[in-house]
Amino acid sequence: MSAFLLEILSEEIPARMQVAAAEQLRTRFEAGMKAAGLAHGVVTADATPRRLWLIAGDVAAASQGSAEEVKGPRADAPAQAIDGFLKKTGLTREQLEERDTGKGVVLFAVLRREGRAASAILSDLVPQIIADFAWPKSMRWGSAPSRWVRPLSGIVALLDGDVVTCAAHGLTAGRETRGHRIHALGPISITSPESYADQLRAAFVEVHSGTRQQLISQAAAAAAGAQGLTILPDEGLVRENAGLTEWPVPLLGRFDPAFLTVPPEVIQLTMRTNQKYFACADATGALAPAFVCVANLVASDGGAAIVAGNERVLSARLSDAQFFWEQDLAVVKAGGLEAFLPKLDSIVFHEKLGTVADKVARVEALATWLAESGAIPSPLEGEGDSALSPSGVRGVAPADPSPRSPLASRPLPQGEREALAALAARAARLAKADLVSATVGEFPELQGVIGRYLALAGGEDPAVADALRDHYKPVGQGDDVPTAPISTVMALADKLDTLCAFFAYEMIPTGSKDPFALRRAALGILSICLTNNIRLPMFEVARLARDLTGGTWERTAYRHAVNDFFADRLKVQQREAGVRHDLIDAVFALGGEDDFVRLLARVHALQAFVTSDEGANLLAGYKRAANILKAAEKDGAAMAASAGGTGEGAETALAAALDAALPAAATAVAQERFTDAMTALASLRAPVDAFFTDVMVNDPDPGIRARRLALLARFRDAVHGVADFSRIEG
């Protein structure tokens with residue numbers, strides 16, 4: 001067995017492309033080896049800024065020979081057909097075999113492929129890999145039509161210690177590579193795949209990206225620690241710097257503390273995005289006027305000149321950021337955060353949905369409604385004096401409980417309701433103001449964050465300021481979910497408006513296309529509701545949101561579309577939690593369920609039930625009953641109005657069990673005691689089993705048959721009071 005090394009040298013490969021490129025190199029190599037029938041061992045692929053490389057272990061000396069039998073036309077077929085078959089197989093007429101298949105004599109070609117030497121296979125494979133390589137962006141260089149992410153400068157291809165003869169893009173493979181641009185100027189002759197990493201390490205190139213990341217993390221922490229500072233964690237920046245350097249050397253620099261008057265997020269973003277610097281924190285955890293940059297060489301002066309140059313560049317960038325920030329502060333101090341609002345009238349949100357100012361008006365209406373509806377926890381309540389819904393969820397109750405706030409158990413005092421609604425409305429009105437600020441114009445990633453700082457500078461309530469920052473959350477999986485009441489109201493209102501407004505005009509996601517990020521909005525709404533135990537009456541909210549947009553989609557179709565969309569997103573969200581999608585379908589199928597907290601509680605109870613012995617057996621009994629009823633309804637069989645009459649034994653026992661279980665399950669469901677509802681259904685297991693064992697449902701007597709079918713219908717309906725068991729798999 002031999003080892004094989006492939007290195008493709010080029011000018012700097014963008015850091016963001018290196019991981020995918022190394023993986024593509026590995027998969028293309030393995031696919032090519034498989035197609036050629038050449039066995040090999042573990043394949044390792046990685047990248048530095050100037051090279052992609054791959055090492056395959058245990059490469060076989062040659063591929064195994066094979067034989068393939070191909071059926072052709074009949075022996076008496078027209079000459080044109082036979083000639084086409086000969087051309088396809090590359091054989092002569094004499095090399096074909098004639099076989100009597102019982103339907104005439106047919107021609108067969110037996111294609112035998114001899115085993116090929118590994119060097120010959122690799123000689124063909126390497127150029128193919130390079131020629132077919134896919135980059136997000138590529139370029140041409142020189143007069144050749146070749147394309148690569150950056151101009152290629154060399155190819156190393158070694159099978160053990162021997163060069164694999166091949167060429168690609170005008171370059172002939174050899175054993176010579178290049179080390180560090182400054183520390184190792186001459187060519188390096190690679191002895192073997194096993195010596196590759198050590199030889200380049202001696203030339204100041206660390207070929208393993210994981211090792212470079214570890215070096216950066218450890219050395220950056222050490223540089224900061226020597227000055228009593230700590231590095232603010234940023235794994236993405238570690239990976240990016242590892243993709244920018246072949247011999248990373250972290251160095252500590254400083255900037256003028258006067259810049260710390262700028263919001264720390266602005267400083268961090270400036271350092272990270274523009275300069276790839278790590279931010280530092282002092283002993284209190286506050287942002288320190290220091291940074292760590294990563295050089296790509298060992299400087300003779302210890303890095304002093306490099307640090308000084310980076311300090312000058314950062315100072316210029318921070319000066320720009322400070323200018324934008326002070327410009328915005330001046331606007332706020334002169335007229336408050338509201339001074340930015342008139343500019344929102346000139347920003348189009350969507351041609352059918354108006355301007356950003358129109359969106360703000362809709363969100364304000366939704367936020368006010370949510371704050372008054374009884375669904376959102378009140379910031380004005382004490383832990384010992386909370387409004388409790390029947391399920392024990394804290395909530396704000398309106399003074400006059402109505403159908404749109406069914407969970408209210410007591411009205412809040414008028415002053416508390418008005419204060420909460422006023423804060424929500426104020427937050428909604430100001431939520432998008434920072435979009436037209438100079439700072440967000442320069443740093444759009446900080447929308448919301450800058451809004452909070454400007455709101456506090458303008459004297460807004462801290463809860464309102466926090467809501468401006470948090471109303472975009474959660475942005476994606478793993479992001480923080482708002483929990484403060486006003487932030488929660490705002491996050492829900494903003495996402496509900498976005499989702500429902502586009503749905504109202506039938507602009508819904510299709511396939512993999514979701515240009516308005518409506519799936520993300522739905523997942524955010526679900527996360528907020530489930531994290532905060534918010535009892536959101538979605539049907540009512542969706543209706544209100546649609547009316548605010550003046551949508552054109554017919555109301556019933558719109559409602560069903562929104563309901564189905566949330567059902568699909570809930571299945572996606574709960575998949576990782578181990579919740580079965582069919583059980584979510586079983587509860588949604590009942591219709592009328594628009595409270596995600598209650599729905600998921602019912603699903604959890606249902607999952608625990610159907611995975612128990614009682615539940616599994618009852619499910620089997622239900623399916624048997626449903627099949628009998630379906631057949632009877634198809635045949636037009638009549639069913640008695642009740643299961644009374646002259647029934648005896650198992651029939652009477654099932655009727656009595658249903659008489660007890662139905663009201664118990666219905667009461668438990670109404671009171672949201674779903675586990676108790678499942679327990680009530682479980683009591684039917686034994687009577688149902690006995691019924692199917694002892695009773696012939698399709699009795700010849702029409703009256704008896706009708707009575708027994710009616711009994712099964714009662715059983716089916718009892719189960720459907722909890723969930724549509726026909727949707728449950730298994």
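**Reading strands and helices in a predicted model**

Tutor: Ser2 stands opposite Val59 in strand 3. This is a predicted model, in which local features need pLDDT of at least 70 and side-chain atom pairs count only at pLDDT 80 or more, while totals for chains, interfaces and linings use all residues. Residues are numbered from 1 along each chain as its sequence is written, and side-chain values use heavy atoms, with hydrogens and water left out.

Student: How many bridges join strand 1 to strand 3?

Tutor: Strands of a sheet pair through backbone hydrogen bonds, either parallel or antiparallel. Here strand 1 (residues 2–10) and strand 3 (residues 51–59) run antiparallel, joined by seven bridges. Strands (E, at least two residues) and helices (H or I, at least four) are DSSP runs, numbered from the N terminus; two strands pair if DSSP finds at least two bridges between them.

Student: Which strands stand at the edges of the sheet?

Tutor: The open sheet has five strands in the order 2-3-1-9-10, paired antiparallel. Strand 2 (43–48) and strand 10 (162–163) each pair on one side only, as edge strands. Helix 3 (residues 118–132) lies across strand 1, strand 3 and strand 9 (152–159), contact meaning heavy atoms within 4.5 Å.

Student: Why is helix 18 described as largely enclosed?

Tutor: Buried means under 20% relative accessible area (1.4 Å probe, protein chains only). Six of the eight residues of helix 18 (residues 581–588) are buried, so the rest of the structure largely encloses this helix. The buried residues are Asp582, Leu583, Ile584, Ala586, Val587 and Phe588.

Student: What covers the buried residues of helix 18?

Tutor: Their cover includes helix 17 (555–575) and helix 19 (596–610).

Definitions and conventions: Buried < 20%, exposed > 50% of the residue type's maximum accessible area, 1.4 Å probe, protein only. Axes fitted to C-alpha atoms, helices over the stretch in contact; angles between N-to-C directions.
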